[in-house]
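This report examines selected features of a single protein chain. Please consult the sequence and the structure while reading.

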Amino acid sequence: MSVSSLRRLAVGAAVIAATSGATVYLSPSVASSDRGGGPILDSLKHKLGDASASVPSRSAQESVLIRATSSDPLDVLVIGGGATGSGVALDAATRGLRVGLVEREDFSSGTSSRSTKLIHGGVRYLEKAVFNLDYGQLKLVFHALEERKQLIENAPHLCHALPCMTPCFDWFEVVYFWMGLKMYDLVAGPRLLHLSRYYSAQESAELFPTLARKGKDKNLRGTVVYYDGQMNDSRLNVGLACTAALAGAAVLNHAEVVSLITDDDSKRIVGARVRNNLTGKEFESYAKVVVNAAGPFCDSIRKMVDEDTKPMICPSSGVHIVLPDYYSPEGMGLIVPKTKDGRVVFMLPWLGRTVAGTTDSNTSITPLPEPHEDEIQFILDAISDYLNIKVRRTDVLSAWSGIRPLAMDPTAKSTESISRDHVVFEEHPGLVTITGGKWTTYRSMAEDAVNAAIKSGKLSPTNGCVTQKLQLLGSHGWEPSSFTSLAQQYVRMKKTYGGKVVPGAMDTAAAKHLSHAYGSLAERVATIAQEEGLGKRLAHGHPFLEAEVAYCARHEYCESAVDFIARRCRIAFLDTDAAARALQRVVEILASEHKWDKLREKQELQKGKEFLQTFKSSKNAQFHDGKHN
């Protein structure tokens with residue numbers, strides 16, 4: 001692609017490229033002309049449809065990486081196990097390439113588990129495109145809407161359509177939002193989820209009982225409801241990594257890149273030195289191309305080659321809070337289109353609770369970002385203007401901060417004005433960096449990165465990209481009604497405090513949770529609950545079962561207590577205090593699965609407590625000066 005055809009997001013990348021001799025790739029995300037698939041895809045689909053198929057062991061995956069020598073390298077080594085990195089590994093593996101992936105912490109441990117949980121085309125970007133006559137923004141919306149529909153179809157157990165209500169307090173707003181959201185429907189075209197529509201004030205109150213009928217000086221005139229997608233982000237990310245593993249990629253979490261390997265003669269990046277953070281052991285893994293998909297930390301990887309390299313990342317903090325379920329009805333979200341300072345705030349039902357956010361402000365890059373109290377108060381303040389119930393800081397069950405890895409545009413004055421499009425570029429031979437973008441478009445971002453890697457390393461894939469219609473692990477054969485067979489055919493065998501095992505019903509809440517979290521593999525979890533006496537709930541009021549800990553340790557590379565409470569199960573995000581109560585039992589089960597000694601158990605318990613301290617629930621935060629006490 002010529003430089004003249006690059007979109008405006010590439011300004012920052014082009015500035016860096018011009019000063020460093022880099023090659024910039026910014027693909028329009030056009031489908032590959034050679035989709036193919038062949039025996040590799042057929043084999044993968046067979047594994048995905050086999051309820052007994054298991055991912056290779058962690059030790060086997062590490063061995064593959066170690067065996068990738070300078071004389072027999074991998075085709076692609078991916079750094080970063082977030083949505084983009086896992087997507088790159090899956091895309092490359094399904095093209096018949098030899099692939100490795102290393103992640104310093106856990107799959108989805110960074111930004112990818114801390115999203116708004118929306119799969120969206122970008123209503124705001126459409127508004128900008130119209131008012132600024134910006135064709136680049138319009139193309140972003142077109143493309144994101146296409147990916148939105150495909151993502152929901154590729155992981156239906158983890159993704160679904162969600163109606164979102166936009167309140168209107170004068171007739172101008174009614175017309176404005178109705179027209180704008182009809183245009184959103186029109187742009188979606190055949191990728192439309194459901195048509196948007198207007199509801200009267202009375203109808204809106206019935207659909208959303210906690211919605212305020214009166215604003216500060218105005219009465220509610222009605223609402224406009226449109227549809228976007230919603231997901232369980234970290235479980236989707238883990239599903240990507242496990243699907244990649246079944247496709248032949250050697251994926252390894254808790255494996256940190258400590259340095260990059262440069263060929264002395266060609267000065268090309270030819271691999272990485274990796275430390276297994278669980279054992280402390282270091283090894284070298286060689287590859288024809290290294291893909292840097294480290295999210296907010298991609299600059300630190302780039303600096304391993306050149307300490308003076310200019311930063312590509314403009315980190316932005318996005319804070320979310322979780323409130324009890326009564327704040328929003330099941331199956332209907334609320335969008336505050338413009339707060340006092342011009343931001344958009346969401347309030348959405350999610351996994352039996354209500355998630356509200358987000359903020360958009362400059363931040364520093366840290367492995368465990370924490371929300372500031374003023375950001376939490378801002379969200380509470382924003383939603384309180386639209387609700388008829390008292391909004392209290394004491395209702396906050398969990399609060400977290402995520403770092404968006406926005407590609408930096410030197411001319412932008414605020415992070416909100418930076419496009420969320422992605423950029424792929426090769427600054428140093430053999431090192432392809434992908435950054436920017438958003439969850440919704442992870443698949444096409446991965447496709448662009450693999451295309452760039454193939455070009456850089458002169459690789460020979462057996463076929464083109466096939467991920468557009470590739471269903472992820474757990475999707476095959478899943479139906480929304482699949483939970484009924486769990487409820488009918490399984491019981492939860494629970495150990496009492498006296499050691500006796502007693503049966504309990506696989507109630508609807510537990511069955512639905514297992515079905516949506518694990519898809520067609522939920523029966524494997526239910527079998528553990530029934531046959532191994534691990535059917536007890538981990539925390540009162542939540543559907544998460546002890547059996548899930550064992551299953552995730554055996555089949556989802558769950559290597560620590562935090563891996564489970566934050567990424568395999570979402571209890572840390574949904575209710576921090578409940579997660580703290582469940583932590584001891586999680587550690588006990590993982591210790592049994594992984595043969596930990598008492599010292600490791602103690603360390604895991606301490607790490608879990610420290611991790612939960614970064615989630616500012618009402619019990620572990622100082623908010624005495626706040627407005628919403």
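## A buried asparagine

The backbone oxygen of Tyr-557 lies 2.9 Å from a polar atom of the side chain of Asn-253. The model in which this distance was computed is a predicted one. The side chain of Asn-253 also makes a polar contact of 2.7 Å with the side chain of Arg-58. Asn-253 itself is placed in the loop between β8 (250-252) and β9 (255-262).

Is Asn-253 buried or exposed? Its relative accessibility is 1%, and therefore Asn-253 counts as buried, since buried means under 20%. Leaving aside neighbours within four places in sequence, the residues in contact with Asn-253 include Glu-103, Glu-105, Asp-106, Phe-107, Glu-559, Asp-563 and Arg-568.

## A partly exposed lysine

Lys-281 has a relative accessibility of 43%, so it counts as partly exposed. When residues up to four places away in sequence are not counted, Lys-281 touches Glu-62, Ile-66, Val-274, Arg-275 and Asn-276.

Lys-281 can also be located relative to Ala-255: the two are 26 residues apart in sequence, and their C-alpha atoms are 9.6 Å apart in space.

## Two crossing helices

How do helix α5 and helix α7 cross? The axes of α5 (residues 123-131) and α7 (residues 171-188) come within 10 Å and cross at roughly 100°. α5 is therefore roughly perpendicular to α7.

On the α5 side, the residues that meet α7 are Val-123, Leu-126, Glu-127, Val-130 and Phe-131. On the α7 side, they are Tyr-176, Gly-180, Leu-181, Met-183, Tyr-184 and Val-187. The residues of this contact divide into 9 nonpolar, 1 polar and 1 charged. As a general rule, an α-helix has 3.6 residues a turn, so residues three or four places apart point the same way.

An unreviewed UniProt entry annotates residues 465-599 as "domain: Alpha-glycerophosphate oxidase C-terminal". Over residues 465-599, the chain is 53% helix and 7% strand, with 46 Å between the end C-alpha atoms.

Helix α14 spans residues 508-518, and its buried residues are Ala-510, Ala-511, His-513, Leu-514, Ser-515, Ala-517 and Tyr-518. What covers these buried residues includes α9 (233-246), α13 (483-489), β20 (491-495), α15 (522-531), α16 (546-555) and α17 (561-568). Asp-507 caps the N-terminal end of α14, with a side-chain oxygen 3.2 Å from the backbone nitrogen of Ala-509. After α14 comes Gly-519, whose phi is positive, near 60°.

How values were computed. Residues are numbered from 1 along each chain as its sequence is written. This is a predicted model: local features need pLDDT of at least 70, side-chain atom pairs count only at pLDDT 80 or more; totals for chains, interfaces and linings use all residues. Side-chain values use heavy atoms; hydrogens and water are left out. Axes are lines fitted to C-alpha atoms, for helices over the stretch in contact, and angles run from 0 to 180 degrees between N-to-C directions. Helices (H or I, at least four residues) and strands (E, at least two) are DSSP runs, numbered from the N terminus. Angles under 35 degrees count as roughly parallel, over 145 as roughly antiparallel, 65 to 115 as roughly perpendicular and the rest as oblique. Contact means heavy atoms within 4.5 Å. Ala, Val, Leu, Ile, Met, Phe, Trp, Tyr, Cys and Pro count as nonpolar, Asp, Glu, Lys and Arg as charged, and the others, Gly among them, as polar. Buried means under 20% relative accessible area, exposed over 50%, partly exposed in between (1.4 Å probe, protein chains only). A polar contact is a pair of N or O atoms within 3.5 Å; within protein, one must be able to donate a hydrogen and the other to accept it, and residues adjacent in sequence count only if both atoms are side-chain atoms. UniProt positions are given in the numbering used here, feature names are shortened, and annotations may be inferred rather than shown by experiment.
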